[in-house]
Each structure stands twice: as structure tokens, then as C-alpha cells.
Amino acid sequence: MCGIAGIFDTRGLRPIDTALVDRMLAAAPHRGPDGRGTWTAPGIGLGHLRLSIIDLAGSPQPMPSNDGSVMLVFNGEIYNFRELRRELQAMGAHFRTDGDSEVIIAAWQRWGTECLSRLHGMFAFALYDLRQKTLFLARDRLGVKPLFSALLDDGSLIFGSELKQLLAHPGLGRAIDPLAIEDFMTWGYVPDARSILKCVTKLPAGHYQLLRHGAPVPEPVQWWDISFADRATGSVESLAEELVDTMQAAVKSRMAADVPLGAFLSGGVDSSTVVAMMAGASSDPVTTCSIGFDVAALDETAYADRIAEQFQTTHYRRMVGSDDFAHVDTLVAMFDEPFADASALPTWRVCQLAREHVTVALSGDGADEALAGYRRLAFHHHEDQVRGLLPSGLRRGVFGALGRAYPALGWAPRPLRARGTFQSLALDSDVAYARTLSVTRAETRGGLYSDAFLRSLGGYAGEDPMIDLMRQAPARSGLDRAQYADLKCYLPGDILTKVDRASMAVSLEAREPLLDHRLIEFAARLPETMRVRGTTGKWLMKHAMRPSLPEDILFRPKMGFVTPIAAWLRGPLAAAARAIASGDLVQSGWFAPEAITALVDTHLSGRADTSRTLWQLLMLERSLARLTRSEIKVSSG
């Protein structure tokens with residue numbers, strides 16, 4: 001696990017300033033505390049930060065090929081590199097090192113861009129071919145590892161693992177993209193399709209770019225996609241056995257390391273499954289780490305303790321107080337772009353704990369997206385079944401009227417909040433799911449924006465790209481399309497961004513075995529009844545793990561990392577909430593001050609919980625102040 005940075009001259013072969021590449025590396029030292037290296041040639045400069053995991057002393061980067069014609073900087077891990085190495089050796093390749101980086105070089109020299117389909121792992125890399133004078137930028141299938149880039153006015157394309165590395169370049173513009181603000185207010189993060197800075201782009205998951213000097217920067221090329229178009233056949237038991245075999249292979253492949261390795265353990269189904277399989281594959285006790293909260297309703301440590309005892313792990317846990325609000329600015333600096341998933345704070349805390357004992361930690365991320373574990377997916381699936389029974393015109397008329405007439409009951413359990421269900425049933429499937437997933441609904445966002453800002457959006461709504469994505473998805477059903485959207489948008493934009501930044505902030509490598517692409521492809525072919533039954537998601541996984549995990553672990557309600565932001569914003573952060581109504585966001589002209597004041601007053605008085613939107617506004621204000629370091633401005637272009 002590492003960090004990369006570089007500069008590519010799109011206009012020709014001008015000299016590259018090595019000190020500037022090094023400055024970009026220095027902006028993110030946490031990504032590679034074990035080594036730093038730079039390399040330049042006419043028209044290209046590459047930089048690398050190393051966190052040593054495999055072949056600790058033998059794979060320094062930037063790494064040249066044997067013949068010196070290729071140079072690589074690489075962030076991530078290739079889990080099948082030993083198999084690839086043997087295959088390439090049989091074809092005549094020679095290797096100087098025992099790591100995975102050199103395998104990427106040899107694979108490029110043998111197969112060109114087609115090498116990507118042979119790489120099993122998480123990665124973002126830049127490979128420069130001196131003979132072809134080309135720069136090959138690539139990102140893994142699911143987007144575990146990030147890659148930012150920007151084309152500067154002088155024709156230089158700069159890139160790096162984190163936005164802060166691009167910000168270290170003096171030529172980077174700071175104009176804010178208004179569409180990204182709308183995206184952020186919709187989802188609580190800026191999706192991969194956009195960046196908060198107008199001149200910056202993110203290479204999408206499963207895409208690559210092949211750049212040449214003197215040629216326009218090409219659009220990214222998609223080299224992998226997930227399809228829900230086919231259905232697997234077989235009995236429940238045969239599919240369950242195949243699922244277990246696939247998960248075990250994924251876990252075992254991610255246990256290869258030359259440094260201490262462990263796992264995050266929350267006591268939920270996913271992390272417990274990973275720990276169970278690690279214990280089965282290891283002769284030594286597995287190291288596990290979990291955190292608890294001093295608020296009993298949010299604390300899961302008792303479940304984690306049970307799993308740790310069952311599998312005889314070396315278990316570490318730490319309690320986190322409700323005063324973690326003091327680290328808001330640390331969070332802002334960690335993510336660069338505004339990021340309002342408050343679970344980033346406890347994620348960072350468990351990464352801190354893990355780093356005290358290991359260098360690599362396996363997580364349970366990915367199963368909810370792959371196997372339909374989120375409750376919203378089960379509800380969406382059942383709503384879609386109702387939609388299929390009634391003509392769209394009748395649905396819109398009947399359920400639209402019921403949605404307007406029924407009381408909100410936002411405080412009540414989900415089954416009693418019929419108003420939202422009626423409103424959802426009145427909408428088309430893809431529109432309804434995008435609305436369900438949005439953090440701040442369109443009507444609320446519109447009421448917060450100024451008239452001038454609304455005009456700058458030109459009718460754009462943050463839900464639009466997701467709705468389009470779902471309508472074009474290679475899928476059969478509404479459940480398929482919703483999972484496809486989760487895998488393409490929510491997973492890389494929120495979950496994987498959160499884990500990457502929180503883990504790398506403490507120089508910890510996080511690995512996600514349940515995001516093995518073979519597992520994702522298998523899960524996408526499962527019949528819907530193998531994914532969702534009643535209100536139970538991940539049904540086949542829970543059924544398959546019954547011999548290994550207790551029933552109350554498998555079927556208890558999902559909690560996840562929850563932080564008490566509603567209480568913070570009525571208590572220690574109340575003054576910060578009030579200040580939003582007169583701060584930089586209002587001064588920028590984007591938001592209506594009276595609307596923000598009303599939002600704050602509503603929450604502080606206890607009339608309603610508006611904490612999620614207030615948290616978004618707080619994170620947006622502090623992130624933009626840090627990004628721009630000067631007067632905030634919105635690009636009008």
C-alpha cells in the first residue's frame with residue numbers, strides 16, 4: 001500500500017521539475033512512511049511513497065523494467081502475482097524482485113492494456129513506456145484505490161493518490177464546481193464522476209487512460225463492468241457451498257504479507273465471516289480490533305467479544321467517547337473533498353487501534369453491496385414487486401395522493417412511516433431508489449440554495465446521474481439495478497473513500513476480501529431469493545455461515561458505525577451550527593441565510609432532527625475553507 005504522484009507533459013517532452021514531484025509526495029507522507037522515490041525523464045516525472053508489505057527491501061519504486069524501457073509507480077496489492085509470475089516466467093520473463101510490482105511491468109510488456117483483466121487485486125498505478133512514449137493510468141475494478149488528475153493550463157497533467165497532492169502543485173486552479181456541491185448535498189460525498197474542484201477529475205473504477213505526448217487527453221476506457229443480466233442455477237446448498245469456497249479463497253489470498261496482519265471485528269455478519277475464515281486458514285491466533293462507544297445504544301463490543309472468544313483471537317478493543325467531535329478538522333484534512341459520512345470518525349479510530357498492532361487489516365466491506373445486505377435494498381425490492389402489480393398511472397394517482405395525505409411520522413419505526421412508502425410507490429423504481437439513497441432530499445436542497453446558485457445548476461439534480469446509470473444497467477430487475485448503483489456510486493464514492501483515507505491516515509493497509517471481483521460476479525448472478533427473503537438481506541451468505549456463526553450474530557439488525565451527531569449539534573457543536581448561517585457558505589452566495597437559520601433553529605429547538613443536513617453544511621464549509629485558502633468562488637464556466 002502506497003501513494004503515487006506524477007507529472008506528464010501532454011504537449012511534448014519538456015523537462016520535469018523533480019522538486020515539484022517531490023513536493024507532491026511530501027503532501028501525503030502518511031501513505032508511505034517506509035520510503036520515497038522520484039524519477040524523471042523528458043516529458044514525465046513519477047513519484048512513489050512506500051508502505052512496505054511484501055518483499056520489504058527488494059521492491060523500491062519508481063521501478064524500472066529489466067531493460068529500462070518501462071517505469072512504474074503502483075499503489076495497492078496484486079493478490080495473484082505469484083501465479084502471474086510463474087506464467088510470465090514460462091513465457092521468458094525474468095524477475096529481479098519477489099514482489100508484485102515487477103509483475104505488473106512484465107504483464108504490460110506481454111499483454112499491453114489487456115494485462116488489467118489478469119490482475120486480481122486493488123490498485124491504482126502509473127506506468128510510463130519510454131519506447132512508446134505513453135503513460136498508462138489504471139484503477140482497479142471496484143475502485144478500492146483512488147487516482148486524481150488535473151490538466152493544467154501549461155499542458156501538464158498532474159496526478160496523485162489524494163487530492164492534497166495535486167493541491168501541492170502551484171498551477172492547480174481552485175475554482176469550485178457548483179454541480180459537485182449539488183452532488184455533495186445529495187449524497188454526503190462527491191461521487192467519482194466529479195470533483196469538488198472544477199479542473200480535477202477522478203479516474204473511475206474499472207477504467208484506464210493511455211496518454212501520449214502531443215495528443216489530446218483521451219476519455220477513460222472502461223475495462224471491467226459488473227453484470228446482473230444472468231442468473232445462476234443450482235440448489236440452495238450447492239450455491240451456498242460455492243459462496244463459501246469463493247469467500248475462503250478471497251480471504252486466504254489477502255492474508256499474504258511480510259508484516260503483521262489482523263482484522264477489523266465489529267461483531268456483525270461480514271467482519272465475523274472474515275475472521276472465521278482467517279482463523280480457519282491460519283495456524284496462529286488472528287489479531288482482531290474493535291471499538292465501542294460510551295453510548296450503550298451504539299455499542300457492539302459484546303458481539304465482537306463473543307466472536308473473538310469463539311475463534312480464540314488476540315483481541316484488542318477500545319472505547320470511544322462521545323466527545324470525538326473535537327476531531328472534525330482532522331477529518332476535514334483527511335478527506336480533502338467534503339465528506340459527510342460521520343462513520344468516518346469511528347473508522348479512523350479503529351484504524352488507529354489496529355495500527356498499534358498490525359500493518360495490514362482485513363475488513364468486511366463489500367458484502368452489503370454484493371449480496372443486498374442493506375435494509376433499503378430489501379424495502380426497494382418489495383416496493384418494486386408492488387409496482388409490478390399496478391399500472392404506472394394508477395400508482396402515481398393513488399399512492400401520490402396517499403403520500404400527500406398521510407402524516408410524516410419521521411420519528412416512527414420504518415413500517416409505520418407509510419408516507420415515505422406511498423411517496424416511493426408513486427415514483428418509478430430508479431427515481432424512488434435514488435430518492436431513498438439521498439441524504440438531503442431535492443425539495444430540502446432547493447429550499448436551502450440561493451436563487452443565483454439554483455440558476456448556476458441549470459436544472460441539474462444530484463440524483464440524475466444515478467437514475468441514468470440504473471436505467472442503463474446490465475440488469476433484470478429493480479433490485480439488480482439498485483445494487484448496480486450501489487456498486488458503481490455509493491461503494492467507491494463513500495465506503496471505499498472512507499476506508500482508504502482513514503486507514504492510510506495512520507499508514508495502515510486495509511484489504512477487502514468480500515470485494516474480490518470473482519465474489520462480486522458470483523453474487524450478481526444469484527437469484528433474487530438468494531439475496532433477499534422477507535426483510536432479510538444477504539440471505540444466502542447468512543444461510544451458508546450458519547455452521548460457523550451464532551444465529552443472533554447472523555440475524556440481528558445491522559448497526560454499522562453510528563456517531564451521535566444530532567446530540568453534538570445540540571450540544572458542543574451548537575455554536576458551530578449557528579455560525580453556518582453567517583459564515584463562508586452564506587457569504588459565497590450559494591445558500592439562503594434565512595433558510596439555514598431556520599434549519600438550525602429547527603434542530604436546536606428539538607422540533608425535528610435536521611442533523612444530517614447540518615453536518616453536511618458544516619463539513620462543506622470547513623472543507624472548502626481548507627481547499628481554497630482564500631475567498632471561496634464558484635466557477636461560472
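Where does Gln 312 lie? In this predicted model, Gln 312 lies in the loop between helix H8 (301-310) and strand S15 (314-320).

Gln 312 is not a glycine, although its phi is positive, about 50°. This residue is exposed, with a relative accessible area of 58%, a value over the 50% that exposed calls for.

Lys 538 also has a positive phi, about 55°, although it is not a glycine. Is Lys 538 buried or exposed? Lys 538 is buried, with a relative accessible area of 5%. You will find Lys 538 in the loop between helix H21 (528-531) and helix H22 (539-544).

Another backbone feature to look for is the cis peptide bond that joins Gln 61 and Pro 62, where omega is about 0°. Pro 62 sits in the loop between strand S3 (44-50) and strand S4 (63-64).

Let us follow helix H27, residues 593-604, from end to end. Its 12 residues reach 16 Å from the first C-alpha to the last, close to the 16 Å expected at 1.5 Å a residue. Which residues of H27 are buried? They are Ala 595, Ile 596, Leu 599, Val 600, Thr 602 and His 603. These residues cover an arc of only 160° around the axis, which puts them on the same side of H27.

The buried residues of H27 pack against helix H16 (442-448), helix H24 (565-570), helix H25 (574-580), helix H26 (584-587) and helix H28 (611-628). After H27 comes Gly 606, whose phi is positive, near 85°.

Helix H6, residues 236-253, has 18 residues, which should span 26 Å at 1.5 Å a residue; its end C-alpha atoms are 26 Å apart, in agreement with that. Among the buried residues of H6 are Leu 239, Leu 243, Met 247 and Val 251. What do the buried residues of H6 pack against? Their partners are helix H7 (269-281), strand S16 (360-362), helix H20 (517-524), H21 and H22.

Now zoom in on single residues. Leu 614 has its place in helix H28 and is buried, with a relative accessible area of 1%. Leaving aside residues up to four places away in sequence, Leu 614 touches Leu 569, Ile 580, Leu 599, Val 600 and His 603. Leu 599, Val 600 and His 603 are also among the buried residues of H27. As for Ala 276, it is 338 residues from Leu 614 along the chain, and the C-alpha atoms of the two are separated by 40 Å.

Val 332 belongs to helix H9, residues 328-335. Val 332 is buried too, with a relative accessible area of 3%. Which residues does Val 332 touch, not counting residues up to four places away in sequence? They are Met 619, Arg 622, Ser 623 and Arg 626. Val 332 and Ala 524 are 192 residues apart in sequence, and 35 Å lies between their C-alpha atoms.

## Empty spaces inside the model

How can empty space be found? Rolling a probe the size of a water molecule over the atoms shows where empty space is left. For this model, the count comes to seven cavities of 30 Å³ or more.

Of the 21 residues that line the largest cavity, the closest to its centre are Phe 148, Lys 202, Glu 337, Thr 497 and Arg 501. H19 provides the largest share of this lining, with five residues.

Which element gives the most to the lining of the second largest pocket? That is H19, with five residues.

Notes. Residues numbered from 1 in each chain as written. Predicted model: local features only at pLDDT ≥ 70, side-chain atom pairs only at ≥ 80, totals over all residues. Heavy atoms only, no water. Helix = DSSP H or I, 4+ residues; strand = E, 2+ residues; numbered from the N terminus. Expected span 1.5 Å × (residues − 1). Buried < 20%, exposed > 50% of the residue type's maximum accessible area, 1.4 Å probe, protein only. Arc of directions from axis to C-beta. Contact = heavy atoms within 4.5 Å. 1 Å grid on protein atoms, 1.4 Å probe; cavity = no way out; pocket = protein on both sides within 12 Å on 5 of 7 lines; lining within 4 Å. Points joined across faces, edges and corners; volume = space filled by probe spheres on them.
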